[in-house]
Amino acid sequence: MTRRLAPVATLLAILALGAVAGEVAAPPVVDPERPDRADFRLAFGSCSRHDHPQTVWGAVRGLRPDAFVWLGDVIYADGKLKDGTRTYYGNDAHRRMYAAQSAHPEYAALARETRVLGTWDDHDFGFNNAGSEWGEKIFAQRAFLDFLGEPEASPRRRRPGVYESYTFRGLGRDASRSVRLVLLDTRYFKTDETVLGEEQWRWLERVLLGGEGEGSSSGDEPPSGANLDESHVPPDDLAPVDLTIVGSSIQVHPDTQTLLEGLARGIESWNAHPREKRRLLDLVARSRAATVFLSGDVHHAEIVTAPPACELPGELVELTSSGMTHTVLDEIPKAFGARRLAALVVPKMLPRWLFPNVGTLRRARFVGHNFGEVAVDFDAHDGEFDDGEFRETRGDGAGRGGGGGGGGRDTPSPSPIGARGDLRGAFAGGARFSSRNATGAVRLNVRDRHGRVKISKTVRLSDLGGGWSELGDRGTLGGRPECATEKHLTRLELARLPVLAVASVLAQVLVVAFSVLALFARTARKIARAQKGARRKGRKEA
Ligand SMILES: [Fe+2]
């Protein structure tokens with residue numbers, strides 16, 4: 001019996017060591033039942049299959065977010081047939097998948113407790129990497145908005161595309177602080193030339209520039225006389241906010257496609273549309289507002305940054321969370337047990353040494369099922385950033401989610417806005433805001449299905465935002481080595497990731513095989529020795 005178990009035990013020990021080695025970079029665990037204090041909290045996620053085990057909802061509910069935001073691939077309405085061709089499963093299946101998602105008990109409980117918002121990506125739009133050419137887009141929009149419970153009278157049902165913005169006011173200690181969530185539609189209008197389409201660009205300019213978009217000069221204005229129907233410009237609250245959160249289904253800054261060249265194909269990002277990406281970042285810079293980006297799609301999670309004066313006047317920060325029910329590990333072919341092997345030997349927290357060290361590329365990537373969290377603390381200030389942790393600044397315990405505890409999950413989120421309130425146009429007013437003087441900080445977390453923080457970053461609001469005019473010529477600033485991205489990798493550096501990934505898996509397999517062989521050899525020697533002893537004993541007795 002022990003002879004059979006020994007190799008298995010060795011194998012398990014080696015795998016456990018591998019997993020532990022991969023986990024060391026993870027920041028400290030935060031109990032999801034007792035989330036740290038925040039004045040405003042969003043949870044978000046992407047890439048969820050209605051028919052896969054959905055394991056993150058308990059942890060999402062434990063955070064008691066002010067809203068949960070879908071960032072695309074809520075369902076997969078298309079897929080591959082046995083012969084490898086991709087097919088759209090049809091309108092009925094499309095609706096059935098949403099119905100199944102809505103009926104999921106934990107998700108349904110979340111939707112009762114908090115407001116669910118969202119935008120879509122290609123698979124809930126209906127077809128892999130589809131854009132404006134997609135024939136089912138009008139049906140898909142109706143089905144998506146029905147799933148979100150969008151009111152019949154919503155302007156979102158009267159315009160093409162699902163983009164929208166939500167302004168949360170009345171936040172913070174004196175109820176004077178605010179956050180705006182801007183959800184982009186990267187599918188409905190997408191062509192080879194554009195990600196957002198001119199109509200959505202005009203809307204976005206109004207939202208980000210507070211109605212100052214038209215007429216102000218940036219050298220990159222949309223053509224005059226564009227078809228802008230006033231009814232297509234819903235936000236009546238265009239006043240400045242303390243923090244803008246821009247949600248894009250596809251990644252904005254990271255060029256994952258380039259990094260994985262040869263390993264994966266068809267990964268989209270704004271980098272495939274450099275002029276559109278520049279237009280987005282220029283728009284954010286013109287707004288001067290403290291801004292962070294959220295994204296999904298790529299089936300791994302990471303926090304991506306670019307230092308100040310590289311892409312934006314302030315720091316660029318993007319939190320990508322993808323894979324609530326599946327990640328890149330689930331895309332490895334099943335042949336020869338490859339996927340099972342990968343699940344065993346690949347640590348969920350990919351080691352940083354896999355990645356080339358250019359610019360800010362050597363960053364943590366998590367490939368376990370995950371969701372994202374954005375927590376804003378308007379009272380956090382400079383002295384409170386030890387280890388990137390928020391610290392309590394008031395003793396009254398009035399902050400959100402402070403008490404936690406195991407019970408009380410059925411009570412609705414104590415949101416300052418009200419979980420079901422209409423956020424559009426709430427508490428409008430206030431003077432033009434300069435993020436440079438803002439107090440407070442935003443914390444971005446990638447959490448696993450247990451709610452444990454896997455990757456985390458805290459940024460002062462004053463380090464985000466600002467305008468180029470404060471920094472001088474961006475052309476010279478952008479060329480610094482720390483500004484380098486995937487685009488600047490040499491061929492050799494690009495080969496590093498696939499070579500190391502394959503080599504490390506092979507090395508683990510070899511180590512396991514060698515250990516097993518060594519164990520067998522040692523056991524065989526022992527048996528042979530024992531038999532020899534027995535024979536000798538038998539001869540003596542004879
Ligand atoms: Fe996906």
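Helix axes are lines fitted to C-alpha atoms over the stretch in contact, and the angle between two of them runs from 0 to 180 degrees between N-to-C directions. The legends below describe a predicted model.

**Figure 1. Packing of helix H3 against helix H6 in the predicted model.** The axes of H3 (residues 91-103) and H6 (residues 137-148) come within 10 Å and cross at roughly 15 degrees. Because angles under 35 degrees count as roughly parallel, H3 is roughly parallel to H6. The crossing of the two helices is right-handed. From H3, the contact is made by Asn-91, His-94, Arg-95, Tyr-98 and Ser-102, and from H6 by Phe-139, Ala-143 and Phe-147. By class, the residues of this contact comprise four nonpolar, three polar and one charged.

**Figure 2. Packing of helix H7 against helix H9.** Helix H7 (residues 197-209) packs on helix H9 (residues 274-287) at an angle of about 25 degrees, and their axes lie 9 Å apart. This angle makes H7 roughly parallel to H9, and the crossing of H7 and H9 is right-handed. On the H7 side, Leu-204, Glu-205, Leu-208 and Leu-209 take part; they meet Leu-283, Val-284, Arg-286 and Ser-287 in H9. The contact of H7 with H9 has five nonpolar residues, one polar residue and two charged residues.

Figure 3. Leu-71 counts as buried because 29 C-beta neighbours lie inside 10 Å, where the cut-off for burial is 20 or more. Thr-119 is 48 residues from Leu-71 along the chain, yet the C-alpha atoms of the two are separated by 5.4 Å. Thr-119 is also one of the residues that Leu-71 touches, when residues up to four places away in sequence are not counted. On that count, the other residues touched by Leu-71 include Phe-44, Gly-45 and Ser-46, together with Gly-247 and Ser-249. Leu-294, Ser-295 and Gly-296 are likewise touched by Leu-71.

Figure 4. Cys-47 is found in the loop between strand E1 (40-45) and helix H2 (57-62). With 26 C-beta neighbours inside 10 Å, Cys-47 counts as buried.

**Figure 5. Val-60 in the largest nonpolar core.** The largest nonpolar core has 101 residues, and Val-60 is among those that touch the most other members. Val-69, Val-179, Ile-245, Val-376 and Val-442 belong to that group as well. With residues up to four places away in sequence left out, Val-60 touches Ala-43, Phe-68, Leu-110 and Phe-371. For context, the protein chain has 542 residues, of which 43% count as buried, and its secondary structure consists of twelve helices and 16 strands. Among contacts in the chain between residues at least 6 apart in sequence, 78% join residues at least 24 apart.

Terms used. Residues are numbered from 1 along each chain as its sequence is written. This is a predicted model: local features need pLDDT of at least 70, side-chain atom pairs count only at pLDDT 80 or more; totals for chains, interfaces and linings use all residues. Helices (H or I, at least four residues) and strands (E, at least two) are DSSP runs, numbered from the N terminus. A residue is buried if 20 or more other C-beta atoms lie within 10 Å of its own, exposed if 12 or fewer, and partly exposed in between; C-beta atoms are placed from the backbone. Two residues are in contact if their C-beta atoms, placed from the backbone, lie within 7 Å. A nonpolar core is a set of buried Ala, Val, Leu, Ile, Met, Phe, Trp, Tyr and Cys residues joined through C-beta atoms within 7 Å. Angles under 35 degrees count as roughly parallel, over 145 as roughly antiparallel, 65 to 115 as roughly perpendicular and the rest as oblique. A crossing is left-handed if the near helix is turned anticlockwise from the far one by less than a right angle, and right-handed if clockwise. Ala, Val, Leu, Ile, Met, Phe, Trp, Tyr, Cys and Pro count as nonpolar, Asp, Glu, Lys and Arg as charged, and the others, Gly among them, as polar.
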